[in-house]
Amino acid sequence: MSRRVPSTQRPASTPARRTAAEDLGLAPAVLAAKDVSVTYEDGHQALSDFTLDVRPGEVVALLGHSGSGKSTFMKAATGLAPVTATQLTVAGIDLTRASGRELRAARAQIGFVFQHFNLVPQLSALTNVLTGGLHDAGALGSLGLFPRAHRERALSLLERVGLADKAKQRADSLSGGQQQRVAIARALMQRPQLILADEPVASLDPRLAGSVLSLLREIATEDGIPVVVSLHVVELARRYADRFIALDGGRITRRGAADSLTDAAVADIYGPDMYSEATSGH
Ligand SMILES: Nc1ncnc2c1ncn2[C@@H]1O[C@H](COP(=O)(O)OP(=O)(O)OP(=O)(O)O)[C@@H](O)[C@H]1O
């Protein structure tokens with residue numbers, strides 16, 4: 001479901017040329033992908049004609065078997081895969097023709113959340129969050145001397161994800177669910193325009209998986225930061241996403257509202273043999 005944005009949130013200046021979506025009152029896409037294909041160096045085509053617009057406030061789930069191309073799309077959206085595309089823009093930056101500096105600027109607009117959290121294990125939760133703001137912390141930040149305003153923001157983000165009391169604890173002493181919350185706070189520290197979460201709950205038990213996805217859902221709804229999340233468990237997509245894209249062999253096989261993920265649709269996406277695994281997560 002694409003969300004309509006109240007007129008007060010629309011940009012003050014009206015662009016000279018408006019897209020059809022903007023004419024309908026939809027916010028401009030933060031990520032706009034049209035006919036994106038990825039062929040790796042070995043000749044393997046891992047993504048074919050992938051088209052998706054992601055708008056503020058929405059959560060889009062990527063579904064599909066292992067190897068179907070979900071991570072490849074995430075890489076394409078960050079300029080880390082060899083793409084051809086009619087259009088591929090992030091925060092208005094055209095990734096198909098971006099210079100190195102523009103690519104870095106585009107990546108600075110994306111908060112990443114990974115399956116294995118990717119925290120620096122020996123650093124505290126607070127310092128891990130602070131690293132998310134390194135791009136604008138200045139020279140002192142790179143020496144580990146973060147500006148006071150950054151420390152305050154990092155602490156308030158830890159509070160937001162329910163971990164204020166763990167700020168000084170080493171990352172590797174936190175549980176998996178807590179580490180993923182620190183990683184989400186680190187992503188928010190960047191003030192991203194988009195969050196890409198590549199199987200963020202694949203290493204967590206079902207209860208923790210729900211709490212992490214509910215946090216991502218809340219961020220999309222309350223902060224307007226859209227989230228693209230790859231998932232293996234359809235029930236989680238039904239519960240936390242607005243819409244889904246199903247991939248098979250790099251091609252989109254189905255797309256639609258998350259609540260249209262009926263049992264028949266799931267069987268169609270995963271095949272009858274994989275059906276119970278995809279619905280239960282076990
Ligand atoms: N650097 C690469 N070079 C060649 N082939 C690759 C490369 N990276 C991925 N692939 C292939 O592209 C296909 C899609 O991989 P991708 O990692 O995007 O799948 P996925 O849906 O994210 O899988 P999973 O759910 O297991 O993470 C797979 O066949 C994979 O082996």
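How many C-beta neighbours does Ala 91 have inside 10 Å, and what does it count as?

Reply: Ala 91 has 17 C-beta neighbours inside 10 Å, so it counts as partly exposed. Here 20 or more other C-beta atoms within 10 Å means buried, 12 or fewer means exposed, and partly exposed lies in between, with C-beta atoms placed from the backbone. The model is predicted: local features need pLDDT of at least 70 and side-chain atom pairs count only at pLDDT 80 or more, while totals for chains, interfaces and linings use all residues. Numbering starts from 1 along each chain as its sequence is written.

Ala 91 sits in the loop between strand E5 (87–90) and strand E6 (93–94). Helices (H or I, at least four residues) and strands (E, at least two) are DSSP runs, numbered from the N terminus. The phi of Ala 91 is near 50°, a positive value in a residue other than glycine.

Phe 117 also has a positive phi, about 70°, and is not a glycine. Its loop runs between E7 and helix H4 (125–131). Phe 117 counts as buried, because it has 23 C-beta neighbours inside 10 Å.

Lys 168 lies in the loop between helix H6 (148–160) and H7. With 9 other C-beta atoms within 10 Å, Lys 168 is exposed. Neighbours within four places in sequence aside, it contacts Ser 124 and Leu 126. Contact means C-beta atoms, placed from the backbone, within 7 Å. From Lys 168 to Asp 242 is 74 residues in sequence and 36 Å in space, C-alpha to C-alpha.

Now the sheet. It is open, with 6 strands in the order E7-E8-E9-E3-E10-E11 and mixed pairing. Two strands pair if DSSP finds at least two bridges between them. Strand E7 (110–114) and strand E11 (251–257) stand at the edges with a single partner strand each, so one side of each has no neighbour in the sheet. From one strand to the next, the twist averages 15°. Strand E10 (residues 243–248) and E11 run antiparallel, joined by 6 bridges. Opposite Phe 244 stands Gly 256 in E11.

Helix H7 (residues 176–189) touches E7 and strand E8 (194–198), and its direction makes about 170° with that of E7. H8 touches strand E3 (59–63), E8 and strand E9 (227–230); its direction makes about 160° with that of E9. Axes are lines fitted to C-alpha atoms, for helices over the stretch in contact, and angles run from 0 to 180 degrees between N-to-C directions.

The chain divides into domain 1 (23–109 + 192–282) and domain 2 (122–191); the bounds come from an automatic or database domain assignment. Their centres, taken over C-alpha atoms, are 25 Å apart. In the contact, domain 1 supplies 11 residues and domain 2 supplies 10. Helix H8 (residues 206–223) gives the most to the domain 1 side, with 5 residues. That side has 9 nonpolar, 2 polar and no charged residues. Ala, Val, Leu, Ile, Met, Phe, Trp, Tyr, Cys and Pro are nonpolar, Asp, Glu, Lys and Arg charged, and the others, Gly among them, polar.

Last, the ligand. Its shell includes Tyr 40, Asp 42, His 44, Lys 70, Ser 71 and Thr 72. A residue joins the shell when its C-beta atom, placed from the backbone, lies within 6 Å. Helix H2 (residues 70–76) gives the largest share, 3 residues. By class the shell divides into 2 nonpolar, 8 polar and 2 charged residues.

Key. Contact = placed C-beta atoms within 7 Å.
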